[in-house]
Amino acid sequence: MNTLHHGFWTYVVLRNRKEAVKYAMVGSIFPDIVYYIMFLYILIFGDILTADAVNTIGWTGVIHDMAHALFAHPVVEVLRQAGHSIAVWAIVYCFVAYYKGWRINRWTGFLYGWLGHIVIDLLTHVEDAIPLFYPFSDLIIRGPISYWNPTYHGDVFSFINGILIIVAIIWLIIQKVNARSKRSL
Ligand SMILES: [Zn+2]
């Protein structure tokens, strides 16, 4: 799923766990952070965005080439797979649970947010699915729908997800207003 949407839904689910929600939100966007850092890196050092390139292939061509370079970059390839691997997650979780316990706290909050990202991506990536047990196995489990590819209902998913986000925002606002009016009574 789209990185920002991961953060949003994690907030909705864990917003009442005040001690952990911030950390869970960071955890929920953590596997995708590499894309943004490396996109900036390619933008600055990649030599793809040049006046010449914009003149010959246009902005869409340049953006397309940059996205291509991003996903072909070895750093992105490794961190993308590691961040979306349930095996890597489980190893980190064992360490954290051993030292900090499994109950929700800052540390486990981060890890539960991260786990949510892996599970949601598992269900919403088809052709672009990632080996679930990287680096131990190449087994790829493809999700039933894609969050973007119309061939796998990506258009329906985006539409329904968009509506649910609007409904959730309205619901959150109503709750906030109600809580405030109760406090002022
Ligand atoms: Zn992801």
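The model is predicted; local features require pLDDT of at least 70, side-chain atom pairs count only at pLDDT 80 or more, and totals for chains, interfaces and linings use all residues. Residues are numbered from 1 along each chain as its sequence is written.

The protein contains 7 helices and 0 strands. Helices (H or I, at least four residues) and strands (E, at least two) are DSSP runs, numbered from the N terminus. The order of elements from the N terminus is α-α-α-α-α-α-α. Along the principal axes, the C-alpha atoms fill a box of roughly 65 × 40 × 35 Å. Of the 185 residues, 19% are buried. A residue is buried if 20 or more other C-beta atoms lie within 10 Å of its own, exposed if 12 or fewer, and partly exposed in between, with C-beta atoms placed from the backbone. Among contacts with a separation of 6 or more, 55% join residues 24 or more positions apart. Two residues are in contact if their C-beta atoms, placed from the backbone, lie within 7 Å.

UniProt, in an unreviewed entry, places the feature "transmembrane region" at residues 20-44, 82-99, 111-136 and 156-174. Those positions are given in the numbering used here, feature names are shortened, and annotations may be inferred rather than shown by experiment. Residues 82-99 are 89% helix and 0% strand in the model, with end C-alpha atoms 22 Å apart. Residues 111-136 are 54% helix and 0% strand, and their end C-alpha atoms are 20 Å apart.

Two packed helices are described by the angle between their axes and the distance between the axes. The axes of α2 (residues 21-45) and α6 (residues 106-124) come within 6 Å and cross at roughly 40°. α2 is therefore oblique to α6. Axes are lines fitted to C-alpha atoms, for helices over the stretch in contact, and angles run from 0 to 180 degrees between N-to-C directions. Angles under 35 degrees count as roughly parallel, over 145 as roughly antiparallel, 65 to 115 as roughly perpendicular and the rest as oblique. The crossing of α2 with α6 is right-handed. A crossing is right-handed if the near helix is turned clockwise from the far one by less than a right angle, and left-handed if anticlockwise. On α2, the contact residues include Tyr23, Met25, Phe30 and Pro31. On α6, they include Arg106, Phe110, Trp114 and Ile118.

Ala20 sits in the loop between α1 (3-14) and α2. Ala20 counts as buried because it has 22 C-beta neighbours inside 10 Å. Beyond its neighbours within four places in sequence, Ala20 contacts Leu14, Ile104, Asn105, Arg106 and Gly109. Ala20 and Arg106 are 86 residues apart in sequence, yet their C-alpha atoms are 4.9 Å apart.

Most residues other than glycine have a negative phi, and most peptide bonds are trans. Asp47 has a positive phi of about 65° and is not a glycine. Asp47 lies in the loop between α2 and α3 (51-72). With 9 C-beta neighbours inside 10 Å, Asp47 counts as exposed. His153, also not a glycine, has a positive phi of about 65°. His153 is in the loop between α6 and α7. With 17 C-beta neighbours inside 10 Å, His153 counts as partly exposed. Pro135 lies in the loop between α6 and α7 (154-183). A cis peptide bond, with omega about 0°, joins Tyr134 and Pro135.
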